[in-house]
Amino acid sequence: VSSLDPMNGSGNLMDFLDEPFPDVGTYEDFHTIDWLREKSRDTDRHRKITSKSKESIWEFVKSLLDAWSGWVVMLLIGLLSGTLAGVIDLAVDWMTDLKEGVCLSAFWYSHEQCCWTSNETTFDNRDKCPQWQTWSELMTGHTQGAGGYLLNYFLYIVWALFFSFLAVSLVRVFAPYACGSGIPEIKTILSGFIIRGYLGKWTLLIKTVTLVLAVSSGLSLGKEGPLVHVACCCGNLFCSLFSKYSKNEGKRREVLSAAAAAGVSVAFGAPIGGVLFSLEEVSYYFPLKTLWRSFFAALVAAFTLRSINPFGNSRLVLFYVEYHTPWYMAELVPFILLGVFGGLWGTLFIRGNIAWCRRRKTTQLGKYPVLEVIVVTGITAILAFPNPYTRRSTSELISELFNDCGALESSQLCDYVNDPNMTRPLDDIPDRPAGPGVYTALWQLALALIFKIIITIFTFGMKIPSGLFIPSMAVGAIAGRIVGIAVEQMAYHHHDWIIFKNWCRPGADCVTPGLYAMVGAAACLGGVTRMTVSLVVIMFELTGGLEYIVPLMAAAVTSKWVADAFGKEGIYEAHIQLNGYPFLDVKDEFTHRTLATDVMRPRRGEPPLAVLTQDSTTVEDVEALIKETDYNGFPVVVSRESERLIGFVQRRDLILAIKNARQKQDGVVSNSVVYFTEDAPQLPASNPQPLKLRRILNLSPFTVTDHTPMETVVDIFRKLGLRQCLVTRSGRLLGIITKKDVLRHMAQMMNQDPESIMFN
Amino acid sequence: MTVVNSRCECLMKILNLPLQNSEDIRCKCICPPYKDVFGKIYKQNVSLKDCNCLHVVEPMPVEGKDVEAYCLRCECKYEERSSGTIKLTIIIYLSILGLLILYMVYLTLVEPALKRRLFGHSQLIQSDDDLGDQQPFANAHDVLSHSRSRPNVLNKVEHAQQRWKRQVQEQRKSVFDRHVVLS
């Protein structure tokens, strides 16, 4: 509906406000793209630019700019993702502390920043300073006692409810696509699916703003998955600046793969891990050119985040650890046990979460999203406040669990009994018995573990931005630390057993519980997402220690094996299946012995295939066919008797071409013949002018014979990214197999519900 | 990491940007209890090369030969932050959040009330299969059909806004009502 009003004087400036007129070659919402067509269009464009570049200097410069546009897009994506991640980190830091108190000297400082310059912090109370006051201190002046505690408790809950209510309202009013993690939908988009608006500007803005609110409200969710979505939105935003990427859906997806790498890179401070995550988990086709560009984008993003410096000290992530204490061979046994725990927890989480999400999708629960978010936040806040380990943000919890206890740490976990007669410097722990603080911490941590395991199942998938990397790592870190302290105390109290004799000498380094926490975190994250290499690389980039690769790998491998024994899919694949997206996984193997005839349409008893003929269909027939059926395309045959295949034409292109022809060309009426050949057919002169539609015909559709094994057909669909494939026998068209048919067949073979595949 | 720090400082000097506030760097030394001296935390605004026990721990609580033993137990860390960045970020974030909240209140409460007064109650009911007037943007279709008359900037902005509202409504239907995407 473009306005061709001659009185409109504002010209091109306001054209962006007009509704874009869809041209031939674009795709409808919730449909799959044609990878081969996009690739050939890009090759054409490139060839045209190269041939024109020899004409003049200006054309040469334009061809150089075209070649460099990819790198410029990567640079812009890195800069914007890094900036947004820095903003998110700083805002989360401040708002999380806002639930407990406020800084009086400058309200924009979080607790740690507020007490940064103060000289009133003491060795025993490192967090107290007069500039920071809790709400009960501010309002009533009581600091101790039941009244102060209850007032703090009440205000904590109020703030948490306020933040989450704001988050879900903003999502609901402005950008409903901003909810959830985003990674399952991005996986599907990168495999060729179109979801218009999912990577739009409003989604970007709302996701950034509400992510801060959701994380600050104390809910058991993380920000890593949503950061991938934010980075892909940035990628989409910059793609629209260059026609090379905005007009070609295949090239755009290369940029989005690189943007996903930048997203993980700023979430964890792990550029290499980000590229590997994009390669392993998110992307579908990952050409080598994208590898180098993804790395560049991830580096630029990491560098930008570092220069914003959100955590002080130029650290990128809150839980960066730097110790290098060695580990011992015998410790592999508890590490493998942690791997088994990770695998079991991953299975439990996936089954529980999918069951709950299915319930939300099908029953009354789904009608009250705002109420659901408020209730879950309320329950989380009520149960989290009493336990000091769940009261603080999950990132801080992980940071404390990962850290080794030096003599200078003041947390309860490090309350070991010091022998005052020891004369050597206490910079590490040789075996020491645990003091009462450690035992208190142990049972508080056990309660926190149970709480987090249960509440995360209900939190992931609500209608606010939610990630699950941090909650999984928290569960693993708590379990790991508990096991680590148990092993350490066992080594102290029974140091005369054979295994400990060589291992722990008095006065020497023995067990590092922080390392067990890291291994546990890696195991749980691997169990739930089924990442392999990218997980190990992310964890080792987080810790900076090459010597811990073997324990991390042992735990990751064990957890993946244990989890795969119960179910083949990670959490993201399970959500893709729940939503019915047309995602043909490259990891699935199809080993059944069915043939193409078993899957193709039309089956026996179904109406025959809807075809167009080369030169004997009228415009009226075509329009009737389009109205009566909802197929996405029609094969074109020579004639109804011979049924020899000429090509394939898309529904959308047909609709647009006929509409265009009726408006613009003279003499085209309902009785006009539609022809797809090069020359017009011989018709009597009294017939109206025929309509040539050869331009929209795909002359090289993929065909297989009816005896092609389905294994080969699935392989072709996967490797070439096809949407449909025609089935012929001795040259005659027999039927059609679409991607939806393939997915339904695979689901049927795996005894899942084939009707759950919803999209084409 | 210290190499990157000094490179960042060089870059900032080259760009003539003001280096941080002198309050934004500090050296923090944590000294545990030793003999009969209590544990204490010392902070001073010194640069990286002066960040050690001897420069920062003042006044030194022990004498002579004990200084070395005391200092060996202390752990000194150099930290810097950018208070200007923190202030700017939080204030920008709060302004954007405030604007969004105001716009949301306007769209959900104020605009339907105004439209009801302008167009009359009867015309709002004929929006198609929405879930009643409580949906924001329920009247997008009506306004689109009313605004054919003036092709100027304001009209175009309103057109674009109504198109956006229609898109959001579609998204809301897919996500919240039919649970087709993002369940």
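This is a predicted model: local features need pLDDT of at least 70, side-chain atom pairs count only at pLDDT 80 or more; totals for chains, interfaces and linings use all residues.
Let's start with chain A. It has 28 helices and 12 strands.

Next, burial. Of the 760 residues in chain A, 57% count as buried. The chain exposes about 32,400 Å². Carbon and sulfur atoms supply 60% of that area. Now take the contacts in chain A with a separation of 6 or more. Residues 24 or more positions apart account for 74% of them.

One buried residue is worth a stop. A:N353 is in helix α13, residues 332–362 of chain A. Its relative accessible area is 0%, so A:N353 is buried. What does A:N353 touch, leaving out residues up to four places away in sequence? The list is A:T456, A:I457, A:F460, A:I571 and A:H575.

A:C103 and A:C114 are bonded, with their sulfur atoms 1.9 Å apart. The torsion about the S-S bond is about 75°, so this disulfide is right-handed. A:C103 sits in strand β1, residues 101–103, and A:C114 in helix α3, residues 111–114. The two cysteines are 11 residues apart. Are they buried or exposed? A:C103 is buried at 2% relative accessible area. A:C114 also counts as buried, at 4%.

Now chain B. B:C29 and B:C76 form a disulfide, sulfurs 1.9 Å apart. The S-S torsion of B:C29 and B:C76 is about 105°, so the bond is right-handed. This pair links distant parts of the chain, 47 residues apart. B:C29 is in strand β1, residues 25–31, and B:C76 is in strand β3, residues 75–80. The two ends differ in cover. B:C29 has 0% relative accessibility and counts as buried. B:C76 has 26%, and is partly exposed. Why partly exposed? Because buried means under 20% and exposed means over 50%, with partly exposed in between.

Another chain B disulfide joins B:C31 and B:C74. Their sulfur atoms are 1.8 Å apart. The torsion for B:C31 and B:C74 is about 120°, so this disulfide is right-handed. B:C31 lies in strand β1, and B:C74 in the loop between α3 (66–73) and β3, so the pair ties together parts that are 43 residues apart in sequence. B:C31 and B:C74 are both buried.

How do the chain B disulfides connect, counting bonded cysteines along the chain? The pattern is 1-4, 2-8, 3-7, 5-6.

Not every cysteine is bonded: A:C232 is in no disulfide. The nearest cysteine sulfur belongs to A:C233, and it is 7.3 Å away. A:C232 counts as buried, at 0% relative accessibility. A:C725 is another buried cysteine, with a relative accessible area of 1%.

Last topic: rings. A search of the whole structure finds 32 aromatic pairs over all chains. One of them is A:Y284 with A:Y285. The centres are 4.9 Å apart, and the planes are at 85°. Is that stacked or edge-to-face? The pair is edge-to-face, because planes over 60 degrees apart count that way. A:Y284 is buried, at 12% relative accessible area. A:Y285 is partly exposed, at 25%.

Ring pairs also build a cluster with members from chains A and B. Chain A brings A:F174 and A:W202. Chain B brings B:Y103, B:Y106 and B:W164.

Two arginines sit over rings. The charged end of A:R172 lies over the ring of B:F176, 5.9 Å from its centre. A:R391 lies over the face of A:F385, at 4.0 Å from the ring centre.

Key:
Residues are numbered from 1 along each chain as its sequence is written. Chains are lettered from A and ligands numbered from 1 in the order in which they are written. Side-chain values use heavy atoms; hydrogens and water are left out. Rings of Phe, Tyr and Trp (its six-membered ring) pair if their centres lie within 6.5 Å; planes under 30 degrees apart count as stacked, over 60 as edge-to-face and the rest as tilted. Buried means under 20% relative accessible area, exposed over 50%, partly exposed in between (1.4 Å probe, protein chains only). A charge sits over a ring if NZ of Lys or CZ of Arg is within 6 Å of the ring centre and within 35 degrees of the ring normal. Helices (H or I, at least four residues) and strands (E, at least two) are DSSP runs, numbered from the N terminus. Contact means heavy atoms within 4.5 Å. Accessible areas come from the Shrake-Rupley method with a 1.4 Å probe; for residues, only the protein chains shown count as cover. A disulfide is a pair of cysteine sulfur atoms within 2.5 Å.
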